[in-house]
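Here is a briefing on one predicted protein model. Read it alongside the sequence and the coordinates.

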Amino acid sequence: MSNPFVQIVEPLDPKQPLKKFFNLSKLEDVRYARLPFSIRVLLEAAIRNCDGFLVKKEDVENILNWKVVQHKNVEVPFKPARVILQDFTGVPAVVDFAAMRDAVKKLGGDPEKINPICPADLVIDHSIQVDFNRQSDSLQKNQDLEFERNKERFEFLKWGSQAFKNLRIIPPGSGIIHQVNLEYLARVVMDQDGYYYPDSVVGTDSHTTMIDGLGVLGWGVGGIEAEAVMLGQPISMVLPEVVGYKLVGNPQQLVTSTDIVLTITKHLRQVGVVGKFVEFFGPGVAQLSIADRATIANMCPEYGATAAYFPVDDISIGYLIQTGRDKEKVMCTKRYLEAVGMLRNFKNSSQDPDFTQVVELDLHTVVPCCSGPKRPQDKVAVSDMKKDFETCLGAKQGFKGFQIAPDQHNSIVKFNFEGCNFELAHGSVVIAAITSCTNTSNPSVMLGAGLLAKKAVEAGLTVKPYIKTSLSPGSGVVTYYLRESGVMPYLSQLGFDVVGYGCMTCIGNSGPLPESVVEAITQGDLVAVGVLSGNRNFEGRVHPNTRANYLASPPLVIAYAIAGTVRIDFEKEPLGINPLGKKIFLKDIWPTRNEIQAVERQFVIPGMFKEVYEKIETVNKAWNALDAPSDKLYTWNPKSTYIKSPPFFDGLTLALQTPKTIEDAYVLLSFGDSVTTDHISPAGNIARNSPAARYLTSRGLTPREFNSYGSRRGNDAVMARGTFANIRLVNKFIDKQGPQTIHFPSGEILDVFDAAERYKQAGHPLIVLAGKEYGAGSSRDWAAKGPFLLGVKAVLAESYERIHRSNLVGMGVIPLQYLPGEDAGTLGLTGRERYTIIIPEKLKPQMNVQIKLDTGKTFHAIMRFDTDVELTYFHNGGILNYMIRKMAS
């Protein structure tokens, strides 16, 4: 072993032998001891590669000198140990792999070289919808309908699991990807190839960061980037800054982990952590369970960081045992971490590393809160909810405004539901969903919701029957402990029956609202409300008819469902009046942390986890019965509206094409701030008047068979038409919300896809203008693939969310960024100009390029290719083209 930084250590204890491991902590180098724990994992992953843990000396030096070089754009070759996917992002990945095999074969290479090298797990959790609720058989009916709608996709995935090595499929009905990862898939320490080394993961879902709560370094990447990782390509990233987030104090009795994470989300958005790691430390961390930490780490994308890391400590080790992991392996994990100096004691401040910046939160100052009505970072204390919503009603249209005329604020619409008369008003709750990976993984808030339901039922409270209530746990373990602890019948009485195991309402798979409710909302132009225990509430995401959506803890979801409105002050107004005429207040039924913890200790036990996960890959009979082809090359069905060979590799040659200047481009769309990947490529409902709907109708489908955009990500014809198809899109060229734009040569207002087609037919390149935080939200590769197929050559924005910028690079779309202090306003850009972007022959990372307008104006922007590797991808026309050429040659 020639590397002076790596010391191979023989087993420590002959009686209980550890495998060999490479050890950096024993070096007489104080730099390692001062590194943040997240950077230590990054260092070990950078060193580990297929050639036997050898790496260039300067790479190790750069990371050990992290404090010195972190501002100098030093590249780190990060090679994660695992990749994890869900089906919405996994289907297009497997489609790309199948198409890449075809392309490699055409170029004379071996198609079977296109195969995952590192372990990849795909969890099917995004397909199930809340079509049925408030029925004892809702779960079975929703699962049956899921298979009916998605059989073709599932057969394709099953083919993939047989055609590709190292690709494991976790069938539908098993749980949500991140909870399954936390409770079952995560290793914490890898035990492979004769060595121990830290577990690390990237995933095709932005909330992959949830696993950081267990001490596994992980984050979301675009599906395109994940495919390259699966094929053995390291992620080339700039050595990040690390913000130390110090937690002190103890949470108050009525505070939940959801309240803590919503507080942290708002705080870190204000601090500014985009592109950085956040690492938690301080004595307050020791007060948090792994589920609490996972909740905080889960919402990392909502505050914009790359990772939100909690180093492994004794509580982490205890969690591995609690969730049924093999005790002997867990003990080896602990001894390995102790040996390499990576087992953390949060109460020992002498272990605190150096950080770029330190911010602090006293947990005792956190109060019960929600976030909304349109963004997860817009925290509202529960005590202020009524006032805040009423302010939003009249405020100017925006993130905190609906612009409802003052004389309409108290409008009431009467309607009939199942033979009874009801009223809806602004602020009425029509969806109440306990859902999403963020909270359903956490026994404290789930049992808290169950105990609150029990007390509510015993107090005589009910939920109005027209409110769409649902409970979609993150895994079968949740149902197990809710049932064993005796709270499940009370949840059911309030309408919170188990409707499925998946993301459901959180990703817009809310299913339909009752027609009479939709008619009442439409008739009164009402701002109806969805309350969910999810992580995202962007406009148009949860449901087309809920203009306001609030993120809340599971107990608060039930509370607002009982109240039927968010226009309530829980401290002064009763939740309801029971049949005896007694006023019942929220404080009367809210369980304390001590109550919840007592139930959790009794009922959340290792046996549950073992029983559920021992049969996870075989329990779904419908999945087992699927018949999938066994060929190594996929036989594409030209009639399919779900699975289609994409055009990305059409005409690909081994020879590189020199990137050319983009000449006289039209602006397809002009945006303000916080345009999300949901705006760019929606996942939910396919509107009946959309280009995608017209395409599906032309293929003989009825609206009932449209399914969702997310379910059709294996078909580029649907997804290109669904690009910028969000009904809440705000395009500066148009004076109202909607997925339309101006086709400047004709002056016509058209659907975005139709305008792009006109430009393409005339041979005109396109660009998009945007403000800050362009591409926030989900790690949605179609938010880059879609614009690419529309003919968008570049995006010019004030700033980008990390994953989306990476996805644009992966598709060969140029991410341009205004110079500091400049934006469309300061430069006087209207978007009606034509843009020529000068691409020099010799490119370097983050270089300035010249942009000329047809008005004669010239300015410069930063070309956001951040590393030399990203420039290599650009020269190849994207990551996948690069990988095909590499495999073919």
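Gln 403 is exposed, with a relative accessible area of 52% (exposed is over 50%, buried is under 20% and partly exposed lies in between, with a 1.4 Å probe and protein chains only). Its phi is positive, about 55°, although Gln 403 is not a glycine. The model is predicted: local features need pLDDT of at least 70, side-chain atom pairs count only at pLDDT 80 or more, and totals for chains, interfaces and linings use all residues. Residues are numbered from 1 along each chain as its sequence is written, and side-chain values use heavy atoms, with hydrogens and water left out.

- Gln 403 sits in the loop between α14 (385-394) and β18 (412-417). Helices (H or I, at least four residues) and strands (E, at least two) are DSSP runs, numbered from the N terminus.
- Ser 674 also has a positive phi, near 55°, and is a residue other than glycine. Its place is the loop between β26 and α25 (677-680). Ser 674 is buried, at 8% relative accessible area.
- Gly 372 and Pro 373 are joined by a cis peptide bond, with omega about 10°. Pro 373 belongs to the loop between β16 (369-371) and β17 (379-381).

**The open sheet**

- Five strands make up an open sheet, ordered β6-β5-β4-β9-β10, with parallel pairing. Two strands pair if DSSP finds at least two bridges between them.
- β6 (167-170) and β10 (217-220) are the edge strands; each has a single partner strand, so one side of each lacks a neighbour in the sheet.
- From one strand to the next, the twist averages 20°. Axes are lines fitted to C-alpha atoms, for helices over the stretch in contact, and angles run from 0 to 180 degrees between N-to-C directions.
- Strand β4 (residues 82-86) pairs with strand β9 (residues 200-203) in the parallel sense, over three bridges. Arg 82 has Val 201 in β9 as its bridge partner.
- Helix α5 (residues 87-106) packs on this sheet and touches β4, β5 (120-123) and β6. Contact means heavy atoms within 4.5 Å. The direction of α5 makes about 110° with that of β4.

**The closed barrel**

- Seven strands form a closed barrel, running β26-β29-β30-β31-β34-β33-β32, with mixed pairing. Here the twist averages 40° from one strand to the next.
- Strand β26 (residues 662-670) is mostly covered, with seven of its nine residues buried.
- β26 pairs with strand β29 (residues 766-769) in the parallel sense, over four bridges. Ser 670 stands opposite Leu 769 in β29.
- β26 also pairs with strand β32 (residues 835-837), in the antiparallel sense and over two bridges. Ala 665 faces Tyr 835 in that pairing.
- Strand β33 (residues 848-853) and strand β34 (residues 858-863) are antiparallel partners over five bridges. Ile 851 has Phe 859 in β34 as its bridge partner.

**Helix α16 and its partners**

- Two packed helices are described by the angle between their axes and the distance between the axes.
- Helix α16 (residues 443-458) and helix α22 (residues 593-603) have axes that come within 9 Å and cross at roughly 110°. α16 and α22 are therefore roughly perpendicular. The cut-offs are under 35 degrees for roughly parallel, over 145 for roughly antiparallel, 65 to 115 for roughly perpendicular, and oblique for the rest.
- The α16 and α22 crossing is right-handed. A crossing is left-handed if the near helix is turned anticlockwise from the far one by less than a right angle, and right-handed if clockwise.
- On the α16 side, the residues in contact include Pro 443, Leu 447, Leu 451 and Lys 455. On the α22 side they include Ile 596 and Val 599.
- The axes of α16 and helix α17 (residues 476-484) come within 11 Å and cross at roughly 40°, so these helices are oblique to each other. This crossing is right-handed.
- Pro 443, Met 446 and Leu 447 of α16 meet Val 478, Tyr 481 and Leu 482 of α17.

**Record annotation**

- An unreviewed UniProt entry lists residues 693-818 as "domain: Aconitase A/isopropylmalate dehydratase small subunit swivel". UniProt positions follow the numbering used here, feature names are shortened, and annotations may be inferred rather than shown by experiment.
- In the model, the end C-alpha atoms of residues 693-818 lie 36 Å apart. The span is 32% helix and 18% strand.
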